[in-house]
Amino acid sequence: MAPSSSAKPLKGPQVFISFRGEDVRKHFISFLDPALRRANINVFIDENELLGADLANLFTRIEESEIALVIFSKNYADSDWCLDELAKMKERKDQGRLRVIPIFYNLSPSVVKELRQDFGDKFRDMQRRHKHQPERTKKWEEALVSVPDIKGMPLSEQSDRTDNEFINSLVVEIQRLLDYMAVKGTPTREENHRGGSMVPARKLEKEAKNQGVSLVPAKNLDREVTLQGGYMVPSIIPARQLQITHYDNSQKWAWIFINEAPNYEELEVAKMIKIHWLKIVGTYDDTSDLTPGAKYEAVFLVKLEDNAIGWEQPVTLKLKVEQHDGSDDNRVDRNESLKDYIGHNWVDILAGVFVAPPRNKPAKITFTMFQHVTDDKKKGLVVKGVAIRPTN
């Protein structure tokens, strides 16, 4: 097994691709391999599985990799070579040394996990052919059952997306993961893989001091995060749960689905078509699940598309804390120009920072983004939601 001789070597973490050649080599893989290389991703791919090297060399290639893509297709389980790769990848994943991303090509994840239909029948045929190697086949089955639980990216036969469109989104997700891996453990950079970008935390221009819950500036870029499968998972309030003015007017806003890490599940986002009046309001109704005394920030997760217009004027951001006794803390208003982010990926727009109150005195947090410039048409804003997460 050897890497493509026609591709120049690339540096950086290696991405190993496991696939059944007869199913996907001449179409899906022929698009995926060059797309990854154009993105300067160091990919290892079998040039011709019929030539293959010995198993020890195959395992070495997997051990050299930090990310593995498994392309499950109809005949994947009909190859002992593919199943050996999969078992090795599961072993490395369980050791915390490899991130595995399953791709379900014209297959349902449940068909793979439950070994159903033709896919399952072909695996059982493999088991019978290798019945003299029970330990080997046991590892195959364990890998086939466990890897689909990672909830990878499915591309069904009924999908409206072309292979190229799917591959482009896959390349973006791999780039985000590589970006996260590049800065993991680096205290001078803020890691926000879930938001899809890594941008500095923004300091509030004012500090409102009050008893109980207080509003404070974000100063420390190091963050407590929840890790799930190696990804950062902040608490997200999705766009559908925000109050977006004219959200139900299809001429002003469109609701679309995107695929996002860590689970590559579809997320519904709000895409601005054309408006004059922008107002987005969200609430975090109960702070009792936050750590008392810890500082948290509320950030809008947004993107400005390349064709965005009408953002010459800044937006205003507010954060209000309604305390247990019904009183309100002073609101800290801040302005931010979104024009600077046109053409970027997802960015964090800070609404405000607060200190969580005692659990027996929960507070309600309200955050707002608005711009009331009626003579300036705006478009191109995409809203994913609001993240609530610790700042230190």
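**Entry 1**

Does Arg 37 count as buried or exposed, and at what relative accessibility? I looked this up and found 17% relative accessibility for Arg 37, which therefore counts as buried. I use buried for under 20% relative accessible area, exposed for over 50%, and partly exposed for what lies in between, with a 1.4 Å probe and protein chains only. I note that this is a predicted model, in which local features need pLDDT of at least 70 and side-chain atom pairs count only at pLDDT 80 or more, while totals for chains, interfaces and linings use all residues. Residues are numbered from 1 along each chain as its sequence is written, and side-chain values use heavy atoms, with hydrogens and water left out.

I then looked for the partner of Arg 37. Its side chain meets that of Asp 33 in a salt bridge, at 2.8 Å from N to O. A salt bridge here is a side-chain nitrogen of Lys or Arg within 4 Å of a carboxyl oxygen of Asp or Glu. Asp 33 counts as buried too, because its relative accessibility is 14%. Both residues lie in helix α1 (residues 21–38), four residues apart, which is about one turn of the helix. Helices (H or I, at least four residues) and strands (E, at least two) are DSSP runs, numbered from the N terminus.

**Entry 1: further salt bridges**

I recorded a count of 20 salt bridges by this rule. Side chains of opposite charge can pair when their charged atoms come close. One of the bridges joins Asp 80 and Arg 136, with the closest N and O atoms 4.0 Å apart. Asp 80 is in helix α3 and Arg 136 in helix α6, so this pair ties together parts that are 56 residues apart in sequence. Asp 80 is partly exposed at 29% relative accessibility, and Arg 136 is partly exposed at 23%.

I also noted a bridge between Lys 93 and Asp 94, whose closest N and O atoms are 3.3 Å apart. Shared partners join the salt bridges of Glu 63, Lys 88 and Glu 91 into one network.

**Entry 2: helix α5**

I checked the length of helix α5 (residues 117–129).

Which residues of α5 are buried? I found Phe 119, Gly 120, Phe 123 and Met 126. They cover an arc of only 115° around the axis, so they sit on the same side of α5; the arc is that of the directions from the helix axis to the C-beta atoms. The face turned away from this buried side carries the exposed residues Gln 117, Asp 118 and Arg 128. The buried residues of α5 pack against β3 (65–72), α3 (80–94), α4 (109–113) and α6 (134–146), where contact means heavy atoms within 4.5 Å.

**Entry 3: aromatic pairs**

I noted eight aromatic pairs in the structure. Rings of Phe, Tyr and Trp (its six-membered ring) pair if their centres lie within 6.5 Å; planes under 30 degrees apart count as stacked, over 60 as edge-to-face and the rest as tilted. Phe 28 and Phe 166 form a tilted pair, 6.1 Å centre to centre with 45° between the planes. This pair links distant parts of the chain, with Phe 28 in helix α1 and Phe 166 in helix α7 (residues 163–183), 138 residues apart. Phe 28 and Phe 166 are both buried.

Tyr 296 and Phe 354 form a stacked pair, 6.0 Å centre to centre with 20° between the planes. Tyr 296 lies in strand β13 (residues 295–309) and Phe 354 in strand β16 (residues 347–355), so the pair ties together parts 58 residues apart in sequence. Tyr 296 is buried at 7% relative accessibility, and Phe 354 is buried at 0%. I also found Phe 72, Tyr 76, Phe 104 and Phe 119 linked by ring pairs into a cluster.

**Entry 4: a five-stranded sheet**

What is the strand order of the open sheet of five strands? I read it as β9-β12-β17-β14-β15, with antiparallel pairing. The edge strands are β9 (243–244) and β15 (334–336), each pairing on one side only. Two strands pair if DSSP finds at least two bridges between them. Two bridges join β9 to the antiparallel strand β12 (residues 277–284), and Ile 280 in β12 is the bridge partner of Ile 244. Strands β12 and β17 (residues 364–372) pair in the antiparallel sense over eight bridges. Tyr 284 stands opposite Ile 365 in β17.
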